[in-house]
Amino acid sequence: MGDASKEWMIEVKGLTKRYGDFEAISNLNFTVKRGEILGLLGPNGAGKSTTLRILSTFLAATSGTAKVAGFDVFDESHEVRKRIGYMPENNPLYYDMRVYEYLKYRGRLKGLDARQSRDRAETVMKECDLEDVRRKMIRQLSLGYRQRVGLADALLSEPELIILDEPTLGLDPNQVRAARQLIKNLGGKHTVLISSHILHEIEMTCNRVLILNQGKILASDDTTHLQSVMGQSSRVVAEIKAPLEDLKFSLKNFEGLLAVDISAAEGDYYLCSLSFGAETADPREELYKMVVRNNWFLRELTISRPSLEDVFVHLTRKQQDEEEDEE
Amino acid sequence: MKVFKTLLRRELGVCFGVLNGYVIVSAALFLVGVCFYDLVYRLNNQPTDMTLTEMFFFSWYFWLILLLSAPLITMRTFAHEKSTGTYEILMTAPVNDIQVLMSKFCGALFFHAIIWLPVFISMLLLRFYINNPLVVNITSIITTYFAVLMVGALYISIGCFGSALTRSQIVAGMVSFTLGMGIFMLSVNVLFVVPDPGPISLILAKVSLADYMRDCSRGILDSRPFIFLVTSTFLFLFLTWRVLEWRRWR
């Protein structure tokens, strides 16, 4: 293993997978640092699961290379498998086994001895809140519990890399929150790769996001930076009580303002919707000072940055437009 | 070896822990019971120069159970894992394809051995009542059981191959039954159809399972068919291994 593998947990170069004429993923290049939580984001059919299947050694890529912890997923698949915990899409489990029995069995398969597999099964059951159902047959469990069994399985051997394909599918809101917290806690100690098409989930859990569409990477950056570099403006909403003409004049000369929309609000107030460029720092302080300077009244002042959803829609639409132009 | 043992235990758990396994055992035991009753009835009422094991081999029950039980035991092995998706978690654990294949093969073969065991226990019991080694003798019982295991190994390997090809258990069962029936028909040609002297009949005689079973039921162990069965079994296991590896071909 070289020095690169000490820094990078995943190194993907020119990864392509074709099924006949259909290209599921096309020339993917990305790296993931150790301890990072990376979200793979994309609509259905974007190539997320194919990428995860290749990284988990289940599928071979048509071309390109992928390394996990410095080991090639194709040529050194056994070494890679020792270092990963993988929860596939739809979370397949042996329904004819009991929860504790299943986790012990999986522990043994992952190279733990009898005592270690018992101890680790107990630990992950605690972490994933499965102790109440430890003796239940997996087939009798609700979808939420089954998801947690899959998650517990992925954590079992304390792998360096945890790959989770749609980990919160079927969980109720409380369980989603608990799973999200659990995944967040894994960061630092483990590298986590999560695929999801739920934008909010990725936004809440991951340090970095990789946006895929039609098998290609559209963007790869940390979530906050991605929002700012997309060139999308931030929006400030303020409710100000002031003479309308003076208000219009002051806002017109406000630094960095791109657009303003003023409408009447309840009780002599005006609702001002202000758009600023990405390069403008938080304008609320200056706005507040302007109101105080003019002896006006202010009863609301909020800022909204573009969400990951906005970024995602923006990028996928842009790609669609480009393709249409080419045609 | 630790991983293989874990996988094998799981396979045996699947055979004996689900209803399907007991249905197969019950059906096989029912046919074996009827067969045994029939053989004893014939021994009492018809003069014969055949041993009990030879009569058993010549009865249609034997071939019926063999041809049906092997696909029923093996159709689940890979096809079920593929259809439920558990194949993906199995093959991304630190196990290799050969460990998975051999555990499934050995588990199915063990189950096959269990199904046939009551027949030979019954024959041994009968030996205590019939003190005539020309009718029932322990050597031929042991060699016949050995032959059943060897032929079974071939049929189980064919079944594993059929199951690895598809996600559907029904299709897997059909594939292995058809291949098994094909091999059986070659044997029937040699046994019941008078072959014309020539290279084809010579080849058929060499690959005839029926000839091998007949010799074993008389207490004769010949190394040539034994080698044929072992190599054929390994051929189908090798083909199964290639099918398993296919998903990782570039």
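Tutor: Helices (H or I, at least four residues) and strands (E, at least two) are DSSP runs, numbered from the N terminus. By that reading, Asn27(A) is placed in strand β2 (residues 22-33) of chain A. The model is a predicted one, in which local features need pLDDT of at least 70, side-chain atom pairs count only at pLDDT 80 or more, and totals for chains, interfaces and linings use all residues. Residues are numbered from 1 along each chain as its sequence is written, chains are lettered from A and ligands numbered from 1 in the order in which they are written, and side-chain values use heavy atoms, with hydrogens and water left out.

Student: How many helices and strands does the secondary structure of chain A comprise?

Tutor: Chain A has twelve helices and 14 strands. Contact means heavy atoms within 4.5 Å. Of the contacts in chain A between residues at least 6 apart in sequence, 67% join residues at least 24 apart.

Student: What share of chain A do buried residues make up?

Tutor: They make up 52% of its 327 residues. Leu212(A), in strand β9 (residues 208-213) of chain A, is buried at 0% relative accessibility. Leaving aside neighbours within four places in sequence, Leu212(A) has contacts that include Leu28(A), Leu40(A), Pro43(A), Lys48(A) and Ile217(A). From Lys136(A), by contrast, Leu212(A) is 76 residues away in sequence and 39 Å away in space, C-alpha to C-alpha.

Student: Which residues of helix α11 of chain A are buried?

Tutor: In α11(A) (residues 284-293), Leu287(A), Met290(A) and Val291(A) are buried. They lie on the same side of α11(A) because they cover an arc of only 95° around the axis, the arc being that of the directions from the helix axis to the C-beta atoms. Glu285(A) and Arg293(A) are exposed on the other side. The buried residues of α11(A) pack against β11 (234-241), α10 (244-252), β13 (270-276) and β14 (297-304) of chain A. Just after α11(A), Asn295(A) takes a positive phi of about 55°.

Student: How is a pair of packed helices described?

Tutor: Two packed helices are described by the angle between their axes and the distance between the axes. Axes are lines fitted to C-alpha atoms, for helices over the stretch in contact, and angles run from 0 to 180 degrees between N-to-C directions. Angles under 35 degrees count as roughly parallel, over 145 as roughly antiparallel, 65 to 115 as roughly perpendicular and the rest as oblique. The axes of α6 (residues 143-155) and α7 (residues 173-186) of chain A come within 11 Å and cross at roughly 10°; α6(A) and α7(A) are therefore roughly parallel. Gly144(A), Arg148(A), Leu151(A) and Leu155(A) of α6(A) meet Gln175(A), Ala179(A), Leu182(A) and Leu186(A) of α7(A).

Student: At what angle do α8 and α11 of chain B cross?

Tutor: The axes of α8 (residues 138-165) and α11 (residues 209-217) of chain B cross at roughly 155° and come within 7 Å. That makes α8(B) roughly antiparallel to α11(B).

Methods. Buried < 20%, exposed > 50% of the residue type's maximum accessible area, 1.4 Å probe, protein only.
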